[in-house]
Amino acid sequence: MRTVLITGARAPVALHLARLLDGAGLKVILADSPACPIAAASAACASYHRLPPPRFAPQAYSQAVADLVRTEAVELVIPTCEEVFYLGALWRDRAMPARLLAPDMELLTRVHDKHAFIGLAQGFGLAVPETTLLRSDDDIEAVRGRSRELVFKPVWSRFASHVLLRPPPSALDAISPSAAVPWVAQRFVVGEEISAYALAHDGKLKALALYRSRYRAGKGAGIWFEQVDDAAARHFVETFVAGTGWTGQISFDLMRESDGTVLPLECNPRAVSGLHFFRDPEAFTAALFEGAGVRPDVGRPQTVRLAMWVYGLPSALRSGQIGSFRQAMRDADELLDWPNDPAPKRAQWRALAEIASKALRQRISLQAASTRDIEWNGPLQSSI
């Protein structure tokens, strides 16, 4: 039996991958640093291995992964979160017996860099929004007069954290970009946001889900999302993965302007929620291992109801749209539901309690606590 290791077991996408691959007859082991991630409770999980936190103990993390790969005779390692960068460094620096479902570390770094990514896309002939790299106070002064037309965000960040949307010039006094902690100033794009999840092999697109998120955890990850169809968005993804020769999972935040032009905002070289629109184990596993093409086979919107109660309901109450919230809850399927695998749905409460405890101890938000130990903030590992 083929053995696969899925990392980032805290993420619903890791649980989903485990279910797909287990359903196709593979042995699936999972690993991460929390004590009680939801995927560890799944019937699809042959074993769960707790690892040191890669951000704070990178050498111990690398050694633990290397030992696990050899002990379990792992054939393929599939990252799902930002631990992909620590794994990329491990595969760069050591000879590993398993394949990592990701491109090399240099390319991972370039696409995660919010400025370098835009340059890559532009180099492939794709339309992009004006994006300026900020590495000093002088760089800030050069764009201060246009601040109301721009979005400011750290080069290395996630979940829209630290983003300043069209701020007044005075708000820029709060940021101080440097070579170690660079920012970008990007033209504010008016339009419809489209997210993309893709799987590619040697530059050929094998799976693609395009979707929009109606509800989010704060400004970041979608917690209620539905599929969309957009030829320009598909063209962008196809062109980008071909130009980079991409192998692995990759996702994009795109904006569709009123004239139909699709512009990229940023790229995440990992799994995102669009994966949940694939529920056929055999078809998806064939795309993963054999390079076959696969299309989404779920039509209804997807959600995590617990997250909707935590994040969606307060948002609906603030905006006075409680009716829309109720309708959204009726329209969407619970993405944690899976035949003969009820335990993860119950386990989400324990996982939430673990994250909440960390958030209280460290005096940070729930969202920050959920990823703090796996964040990768560039080669210099800033404190963002």
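Val237 counts as buried, at 0% relative accessibility, where buried means under 20% relative accessible area, exposed over 50% and partly exposed in between (1.4 Å probe, protein chains only). This residue lies in helix α7 (residues 231-244); helices (H or I, at least four residues) and strands (E, at least two) are DSSP runs, numbered from the N terminus. The structure is a predicted model, in which local features need pLDDT of at least 70 and side-chain atom pairs count only at pLDDT 80 or more, while totals for chains, interfaces and linings use all residues. Residues are numbered from 1 along each chain as its sequence is written, and side-chain values use heavy atoms, with hydrogens and water left out.

Leaving aside neighbours within four places in sequence, Val237 is in contact with Ala196, Ala198, Leu205, Leu208 and Phe252, contact being defined as heavy atoms within 4.5 Å. Val237 and Pro281 are separated by 44 residues in sequence and by 24 Å in space, C-alpha to C-alpha.

Pro281 takes part in the packing of helix α1 with helix α8. The contact involves Leu17, Leu20, Leu21 and Gly23 of α1 together with Pro281, Glu282, Phe284, Thr285 and Leu288 of α8. The axes of α1 and α8 are 8 Å apart, and the packing angle is about 100°. Axes are lines fitted to C-alpha atoms, for helices over the stretch in contact, and angles run from 0 to 180 degrees between N-to-C directions. The helices α1 and α8 are therefore roughly perpendicular to each other; angles of 65 to 115 degrees fall in this class, those under 35 count as roughly parallel, those over 145 as roughly antiparallel, and the rest as oblique. Six nonpolar residues, two polar and one charged make up the contact of α1 with α8. In this division Ala, Val, Leu, Ile, Met, Phe, Trp, Tyr, Cys and Pro count as nonpolar, Asp, Glu, Lys and Arg as charged, and the others, Gly among them, as polar.

Two further helix pairs were examined. Helix α2 (residues 58-71) packs against helix α3 (residues 83-93) at an angle of about 75°, the axes being 10 Å apart. This angle makes α2 roughly perpendicular to α3. From α2, the contact draws on Tyr61, Ser62, Val65, Ala66 and Val69, and from α3 on Glu83, Tyr86, Leu87, Leu90 and Trp91. Eight of the residues in the contact of α2 with α3 are nonpolar, one is polar and one is charged. For helix α4 (residues 105-112) and helix α5 (residues 114-123), the axes come within 5 Å and cross at roughly 100°.

An open sheet of five strands shows parallel pairing in the order β3-β2-β1-β4-β5, two strands being paired if DSSP finds at least two bridges between them. Its edge strands, β3 (47-50) and β5 (99-100), each pair on one side only. Strand β1 (residues 3-7) runs parallel to strand β4 (residues 76-78) and is joined to β4 by three bridges; Ile6 has Ile78 in β4 as its bridge partner. Helix α2 lies across β1, β2 (27-32), β3 and β4, and runs at about 160° to β1.

Side chains of opposite charge can pair when their charged atoms come close. A salt bridge is a side-chain nitrogen of Lys or Arg within 4 Å of a carboxyl oxygen of Asp or Glu, and by this rule the count comes to 21 salt bridges. In one of these, the side chains of Asp373 and Arg10 meet at 2.7 Å, N to O. This pair links distant parts of the chain, 363 residues apart, with Asp373 in the segment after α12 (366-371) and Arg10 in the loop between β1 and α1 (12-23). Both Asp373 and Arg10 are buried.

A salt bridge also joins Asp341 and Arg19 (2.8 Å, N to O). Asp341 lies in the loop between β16 (333-334) and α11 (343-362), and Arg19 in helix α1, 322 residues apart. Asp341 is buried, with a relative accessible area of 5%, and Arg19 is buried at 3%.
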